[in-house]
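Here are some notes to go with your first look at this one. Have the structure open as you read.

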Amino acid sequence: MRAMSKPLVLVEKDDPIAVATLNRPDALNALSPEMLASLAEEMEALNADEAVRVIVLSGGPKVFAAGADIKAMATASPVDIYLRNTRQLWARLWALDKPVIAAVNGVAFGGGCELALGCDLIVAGESARFGQPEIKLGIMPGAGGSQRLAKAIGPYRAMEMVLTGDPISAAEAQAAGLVNRLVADDQVLPAARELAGRIAERPAVAVRLARAAVRYGVEHGLREGLEMERRNYRLLYDTQDQKEGMAAFIEKRKAKFVGK
Ligand code: CAA
């Protein structure tokens, strides 16, 4: 009956913004391998869609995601985990080259927190909570949490979260630099769309290359990041939008960007 089952990820397009929503609310959007595969497929399709400039990733109004699916992992061997190849699915999500905004309501725990950490910006509702509770299950973060959290909020705060497994509130996450916008719970999606809209108005190639430089610098050292920055900076002088943006400034008018 697989063909008749509900889609695990819902996609709604309102060009130039697309919203992808995890759709396993009964299991608090636990990220089963099937859910991750479906997410990777949908996100790649949106990334390849020329009309889409910014992607919002939501878990719906109650929960972002409560982590990897514990029921699918409880009796797994290391070889089972290896053969599931979820590493590859995560890598596909991290390889997208358009901005992704996480719209977080409720819990973003374990793989759910890691999913948000893999995004470029985070909008959170006031009841949202972020946590890496894996330690309480006898494991540890396995999809970037131990690395990205430390880079995002600093090694000491990340260490406490990873070693105690205790979550932080949305307000604490914002104070720590993890959350870009903290809004009322029912304003998460509108606020994420608004932020997406502001970015979508900017010259599209510059957005992608600037985003790539920031991410590259976080993932590599300063020297490599500076090289990437310089290369992308130079490349932008070959775009119509650079000519238009600078001409509009000099002529004191609003720029009309074409995304090339
Ligand atoms: N995996 C599988 N099922 C999950 C789940 C998960 N991560 N989280 C919740 N569920 C299921 C529950 O089993 C329950 O299903 P049933 O109704 O069939 O029993 C349903 O979702 C509702 O959950 P709760 O009854 O527990 O809801 P709650 O509101 O009482 O508690 C919660 C919410 C605090 C988030 C709690 O569900 C919880 O602690 N979940 C687990 C969080 C966790 O440990 N995440 C890390 C997973 S490991 C990981 O992510 C590894 C990695 O780095 C990749």
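1. A term before anything else: a polar contact is a pair of N or O atoms within 3.5 Å, and within protein one of them must be able to donate a hydrogen and the other to accept it. Keep in mind that this is a predicted model. By that rule, seven residue pairs are in polar contact between domain 1 and domain 2, counting pairs with both residues at pLDDT 80 or more.

2. Now for the layout. The protein chain splits into domain 1, covering 9-200, and domain 2, covering 204-250.

3. How many residues of domain 1 are in contact with domain 2? The count is 12, and they meet seven residues of domain 2. Together the two domains bury about 840 Å², with 39% of that on carbon and sulfur atoms. On the domain 1 side, Asp97, Asp120 and Lys151 are the ones to click on: they supply 42% of the area that domain 1 buries against domain 2, more than any other three residues.

4. Four salt bridges are found across the interface of domain 1 and domain 2. As for the side of domain 1 that touches domain 2, its residues come out as six charged, five nonpolar and one polar. Do look at aspartate 120 and arginine 211, whose side chains form a salt bridge at 2.7 Å, N to O.

5. The whole structure has two cavities of 30 Å³ or more.

Note on methods:
Residues are numbered from 1 along each chain as its sequence is written. This is a predicted model: local features need pLDDT of at least 70, side-chain atom pairs count only at pLDDT 80 or more; totals for chains, interfaces and linings use all residues. Side-chain values use heavy atoms; hydrogens and water are left out. Domain bounds come from an automatic or database domain assignment. Contact means heavy atoms within 4.5 Å. Buried area is the accessible area (1.4 Å probe) that two parts lose on being put together, summed over both. A polar contact is a pair of N or O atoms within 3.5 Å; within protein, one must be able to donate a hydrogen and the other to accept it, and residues adjacent in sequence count only if both atoms are side-chain atoms. Ala, Val, Leu, Ile, Met, Phe, Trp, Tyr, Cys and Pro count as nonpolar, Asp, Glu, Lys and Arg as charged, and the others, Gly among them, as polar. On a 1 Å grid over the protein atoms alone, a cavity is a set of points where a 1.4 Å probe fits but cannot get out, and a pocket is an open set with protein on both sides within 12 Å along at least five of seven lines; lining residues have an atom within 4 Å of a point. Grid points are joined across faces, edges and corners, and a volume is the space filled by probe spheres set on the points.
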